[in-house]
Amino acid sequence: MLSVFILLILFRSVFCYNDVVPLENATQKQFIYNNTYEYDSIIDLTVNETTTHILDFNEQSNLMSVFPTRVHVSTNDTLDVSYPLFVTAAQQKGVSSWELPLVVSTKQAVLKFNDMARTLCPHDAGPNVTSQGRPTLTLATTSPSNVSVRIKLRRVEDFFVEVNKDVNLNVTPSTPKYYYFSFDRDPWRHLEVKHPQLFPRFNYTIPKSVLLEINSNDHVCATVSIQNNSCPVFDNEKDMMYQGYHFTMTTKGGITVTQSMFPRGFYIVFIVKESDEECTGVSGDHGAGSDRRTKSFSFRVMAAAAPSDYLTLVLVSLALPALVALLAPTIMLPTCRSGRTIEIDEAPGPSGFQDPQTSETARIMGKRGHQSDSDIDSEPDLDDRSLPIPLNVARLSRARPLAHNRRSNRYFWSALTVAVVYALPVVQLLFTYQRMVLQTGDQDVCYYNFLCALPLGALQDFNHVFSNVGYVLLGLAFILQVRCRPPSDELQELGIPEHRGLMYSMGLALIMEGVLSACYHLCPNKMNFQFDSSFMYVIAVLCIVKLYQSRHSDVNASAHATFMLLAFLMAIGVFGIVYPNLYFWTFFTIGHFAVCFFLTLKIYYVGRLKIGSSMVTRAWGAVRRAGRSALRPQYPARAVFLALANLANWALAAYGMYEHNADFARHLLAVLLGNAILYTLAYVVLKLAHGERVCARTWAWLLLAAALWALAATLFLHSRTKWSQTAAQSRTYNAQCSALQSLDTHDLWHLSSAAAIFSSFNALLIIDDPLATTPRVDIPVF
């Protein structure tokens, strides 16, 4: 090819602008040079192995020379791929070359394109641009037969992108396009002065941070690349990953670009991919054929978030949690404590009456006063016939105060240990992901809402990271409330025994949910979602344990057993995210039913029922002795609650099995949070059924929590990303910030769910305050 240009220079110096210059060399090869061709005209030529065409072009006016040149070349369908046509465009500072037909091999098919179009790189683009040179084209082939070629050159008049102006275009795999945006003020000022009617009036207050929003009406897979203002421009699928940022899309895409990223402006490159596999995630999905892989785009560059929007984000994210936290002392001001006691209506005799069997139970439990706290964690397996009717809190809270406090504090220290050990590698991993994205430019690694992702420094999504501050602030506020709460008098055995360590661990779990959610949003994707949801699992389980502990102080699950269960749940969650197939869902559903069955027995018999091979024999013996009366529940209220809980869990399990989609983590979170909310409602109903009072401030927290949970659930379901799908599919859910120019629905979910959890915690903290002066022998177990 170098020899061709040397010959061209020689011919131009000797024949000096003659219209047609043929030359025959030793192999009878002809070089035909012509400089009479015009822009925007169609040129038909014929080339073969003995004929090479060299073309120069003229323009009637130099007014359009500021815009880059686009070359269109097409051939006849009979061109053999073994003898391609080579097209070379020589410019002042570089050479570009292509071949026709363009053959693209996919896993399922071979696509053949007989036409191509390329925009020649505008080497002088920028503030100092004066004109774009006209290229010299060379057409050559080794085909022994004639090849018909059609050529057209034109200026790309919409090449320079203006702010808030829509640009429409069509692209195929063989005809990529790119455009240029400059952050400089009035880069074409001197040209606009000369020709004000021709050149666009650029916004003289161009923002230094812009949002590129792209839309398309079809689902053909495409790649968009953001590249620096330099040549060459990588406008093919294989090379575009070597510069700037790139991402896949189908119907929607976007990215925020700042001047600090591209000081001299940037190119927006549109490339249609060879197949749809990368966008759909379906192996072998090559999409439409070569004649139908045309994609229409419409894009707009607009001002991104201003510094005032960042300030608004910070103030709102701090003010809303602070406002909720300040509600606590206001709502807590009225007292719930009462001097009257609650009589148990279903008691067969005076509250101090004990039959020999009950006395024996009290004697056995009373021995715990002389046991160490390690002995309390292991309960003896007693027959269900040892249960007194009715059962009261005094019979299940016989531990000494010191042992009781040690048992409770284990929850906090276990939670703190898990939090530190779990969080450190998470932070390291997510920062590694963030650094990898910055180095490679691959925007498909992290599933941001790109239309509402506010970059700040090294953070590409500052708003979704910072909006988690509500969890941290409200977690600290709850711990402070528990710390300032007056302790109960354990020696008087009045009211519900308090597990302060358990409540501290609840506050710590809320803090860690904020920390890990912020880490997750450094680079959210399928493999990281477990970090975002892990401490939501912890919060749900601790709320259930807190409610159960209120009436079953000594038979409550130990801290070791609770966190072992949480570790098992997290392992299941990871497995469900990695392998969300039908076999896993079947296994999980069976396990869900089994857990519901065994927990029903454990809760109904207060952990005193031996679950083993003899259980069926004893149950059959009871039916034979008592007949149908053996099936009548001894604890009706508890039986109704467990029946409703089982129905709800069966419904959730059936729905999960029916859907069995890839978003298993969300299903597991729904199961745990659903059970926690259901248990809270049941606890309130059972309190009222037993004649216990629920004070006004508790109702206030419960109603506030219900309203906030409803709002949070609505926002959560309107997610702007879907990590269970491909990156391109996730982008179809992206949307611009819906609140205060800086918050989307997920940011609002962070704030509302943090307030909902805090309100729920406060309701659980004070729900039994009216029983503070009630003897424990008069407080029923349910």
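Visitor: Which residues in helix 12 are buried?

Guide: This is a predicted model, in which local features need pLDDT of at least 70, side-chain atom pairs count only at pLDDT 80 or more, and totals for chains, interfaces and linings use all residues. Residues are numbered from 1 along each chain as its sequence is written, and side-chain values use heavy atoms, with hydrogens and water left out. Helices (H or I, at least four residues) and strands (E, at least two) are DSSP runs numbered from the N terminus, and buried means under 20% relative accessible area, exposed over 50% and partly exposed in between, with a 1.4 Å probe and protein chains only. By that criterion, the buried residues in helix 12 are Ala-559, Thr-562, Phe-563, Leu-566, Leu-569, Met-570, Ile-572, Gly-573, Gly-576 and Ile-577.

Visitor: Which residues in helix 16 do residues of helix 12 meet?

Guide: The axes of helix 12 (residues 559–578) and helix 16 (residues 664–689) come within 8 Å and cross at roughly 145°. Axes here are lines fitted to C-alpha atoms, for helices over the stretch in contact, and angles run from 0 to 180 degrees between N-to-C directions. Contact means heavy atoms within 4.5 Å. Leu-569, Ile-572, Gly-573, Gly-576 and Ile-577 in helix 12 meet, on the side of helix 16, Phe-664, Ala-665, Leu-668 and Leu-672.

Visitor: By class, what does the contact of helix 12 with helix 16 have?

Guide: Ala, Val, Leu, Ile, Met, Phe, Trp, Tyr, Cys and Pro count as nonpolar, Asp, Glu, Lys and Arg as charged, and the others, Gly among them, as polar. By class, this contact of helix 12 with helix 16 has 7 nonpolar, 2 polar and no charged residues.

Visitor: How are helix 9 and helix 19 oriented, parallel or antiparallel?

Guide: Helix 9 (residues 469–484) and helix 19 (residues 745–766) pack at about 15°, with axes 9 Å apart. Angles under 35 degrees count as roughly parallel, over 145 as roughly antiparallel, 65 to 115 as roughly perpendicular and the rest as oblique. The angle therefore makes helix 9, relative to helix 19, roughly parallel.

Visitor: What is the handedness with which helix 9 passes helix 19?

Guide: A crossing is left-handed if the near helix is turned anticlockwise from the far one by less than a right angle, and right-handed if clockwise. Where helix 9 passes helix 19, the crossing is right-handed.

Visitor: Which residues does Ser-517 touch?

Guide: Ser-517 is found in helix 10, of which 20 of its 21 residues are buried. The relative accessible area of Ser-517 is 1%, so this residue is buried. Not counting residues up to four places away in sequence, Ser-517 touches Asn-468, Asp-532 and His-750.

Visitor: What distance separates the C-alpha atoms of Trp-413 and Gly-501?

Guide: Trp-413 lies in helix 7 (residues 401–440) and is exposed, with a relative accessible area of 53%. Gly-501 is 88 residues from Trp-413 along the chain, and their C-alpha atoms are separated by 8.2 Å.

Visitor: Where is Leu-740, a residue with positive phi, placed?

Guide: Most residues other than glycine have a negative phi, and most peptide bonds are trans. Leu-740 has a phi of about 60° and is partly exposed at 48% relative accessibility. Its place is the loop between helix 18 (727–731) and helix 19.

Visitor: What is the relative accessibility of Asn-164?

Guide: Asn-164 also has a positive phi, near 60°, and sits in the loop between strand 11 (147–155) and strand 12 (167–171). This residue counts as partly exposed, at a relative accessibility of 45%.

Visitor: Which residue does a cis peptide bond join to Leu-100?

Guide: The omega of this bond is about 0°.
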